[in-house]
Amino acid sequence: MKYSEAEKRIKALSSKYDINMVDGDFDVAYNGKLHVIYVNGSYEYRLYVGYVKTFKTVPFRNKLYMIMAELAMTPLDERVDEKKYYVKIYDSGIGYLNINNFTGKMSVNNISEGNGYKTKFTNKDIEELKQRDDIPLDWDKVRFEEANWPGLHC
């Protein structure tokens with residue numbers, strides 16, 4: 001399980017859950033109380049419940065525990081999403097490469113994904129885009145900006 005998937009599933013349980021990366025650990029807080037439960041970011045199978053008394057009071061604790069257990073069992077190198085990048089073509093809020101998900105055509109706009117456009121690209125995606133004749137970019141002049149996943153505070 002990816003950290004991003006774990007966060008999505010936990011947030012679906014309650015809007016009062018917060019996720020933070022604390023010293024490399026995936027930490028779940030409830031109503032501002034840190035370390036309700038966390039998964040060690042350096043070892044597999046290391047799952048810790050903070051204060052048991054506090055943990056017993058959080059909603060959906062059994063589901064939360066199962067999500068965290070699945071994350072703890074996931075090999076470390078499989079927990080992190082592959083890095084994605086925005087392709088910055090020119091300096092402007094709308095100077096980013098967009099690829100239409102339906103037609104595959106290129107346009108330049110902002111970084112917002114949705115409405116049928118892809119704006120975040122993996123290294124593999126970028127290499128494939130460089131091979132396309134219909135994308136007239138000087139790849140030595142564009143900039144690549146890391147598209148950090150907004151939920152985690154790494």
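In this predicted model, asparagine 20 stands opposite aspartate 27 in β2. The two residues belong to a pair of antiparallel strands, β1 and β2 (residues 25-30), which are joined by 6 bridges. That pair is part of an open sheet of 4 strands, ordered β1-β2-β3-β4 and paired in the antiparallel sense. At the edges of the sheet lie β1 (17-22) and β4 (47-49), each of which pairs on one side only. On average, and with direction ignored, neighbouring strands of this sheet are turned by 35° against each other.

Two helices pack on this sheet. Helix α1 touches β1 and β2, and its direction makes about 155° with that of β1. Helix α3 touches β1, β2, β3 (33-39) and β4, and its direction makes about 50° with that of β3.

The two helices also meet each other. The axes of α1 (residues 3-13) and α3 (residues 61-73) come within 10 Å and cross at roughly 180°. Angles over 145 degrees count as roughly antiparallel, and α1 and α3 are therefore roughly antiparallel to each other. On the α1 side the contact is made by Tyr3, Ala6, Arg9, Ile10 and Leu13; on the α3 side, by Lys63, Leu64, Ile67, Met68, Glu70 and Leu71. Sorted by class, this contact of α1 with α3 has 8 nonpolar and 3 charged residues, and no polar ones.

Which residues of α1 are buried? They are Tyr3, Ser4, Ala6, Glu7, Ile10 and Leu13. What do the buried residues of α1 pack against? Their partners are β1, β2 and α3.

The next part of the chain to follow is strand β5 (residues 85-88), where tyrosine 86 lies. Tyr85 and Val87 point one way from β5, Tyr86 and Lys88 point the other way, and all are buried. In a regular strand the side chains alternate between the two faces of the sheet. Strand β5 is joined by 4 bridges to strand β9 (residues 143-146), and the two run antiparallel. Within that pairing, tyrosine 86 has glutamate 145 of β9 as its bridge partner.

Tyrosine 86 also takes part in a ring pair. The structure holds 5 aromatic pairs. A pair of aromatic rings is described by the distance of the centres and the angle of the planes. For tyrosine 86 and tyrosine 96, the ring centres are 5.9 Å apart and the planes lie at 70°, so the pair is edge-to-face; the cut-off for that label is an angle over 60 degrees. Because tyrosine 86 lies in β5 and tyrosine 96 in β6, the pair ties together parts that are 10 residues apart in sequence. Both tyrosine 86 and tyrosine 96 are buried.

Tyrosine 96 leads on to strand β6 (residues 96-100). Is β6 largely enclosed or open? With 5 of its 5 residues buried, β6 is largely enclosed by the rest of the structure.

With strand β7 (residues 106-109) the pairing runs over 4 bridges, and tyrosine 96 stands opposite asparagine 109. The hairpin of β6 and β7 has 5 residues between the strands, and in it glycine 104 takes a positive phi near 80°. With strand β8 (residues 117-118), β6 pairs over 2 bridges. Here asparagine 100 stands opposite tyrosine 117.

Two loop residues on either side of β8 can be set against each other. Asparagine 115 has its place in the loop between β7 and β8, whereas threonine 122 lies in the loop between β8 and α4 (123-130). Asparagine 115 counts as exposed because its relative accessibility is 80%. Threonine 122, at 8% relative accessibility, counts as buried. What is threonine 122 in contact with, leaving aside its neighbours within four places in sequence? The contacts are with Glu82, Lys83 and Lys84. One of these residues, glutamate 82, also gives a reference point for asparagine 115: the two are 33 residues apart in sequence, and 23 Å separate them in space, C-alpha to C-alpha.

Terms used:
Residues are numbered from 1 along each chain as its sequence is written. Side-chain values use heavy atoms; hydrogens and water are left out. Axes are lines fitted to C-alpha atoms, for helices over the stretch in contact, and angles run from 0 to 180 degrees between N-to-C directions. Angles under 35 degrees count as roughly parallel, over 145 as roughly antiparallel, 65 to 115 as roughly perpendicular and the rest as oblique. Contact means heavy atoms within 4.5 Å. Ala, Val, Leu, Ile, Met, Phe, Trp, Tyr, Cys and Pro count as nonpolar, Asp, Glu, Lys and Arg as charged, and the others, Gly among them, as polar. Two strands pair if DSSP finds at least two bridges between them. Buried means under 20% relative accessible area, exposed over 50%, partly exposed in between (1.4 Å probe, protein chains only). Rings of Phe, Tyr and Trp (its six-membered ring) pair if their centres lie within 6.5 Å; planes under 30 degrees apart count as stacked, over 60 as edge-to-face and the rest as tilted.
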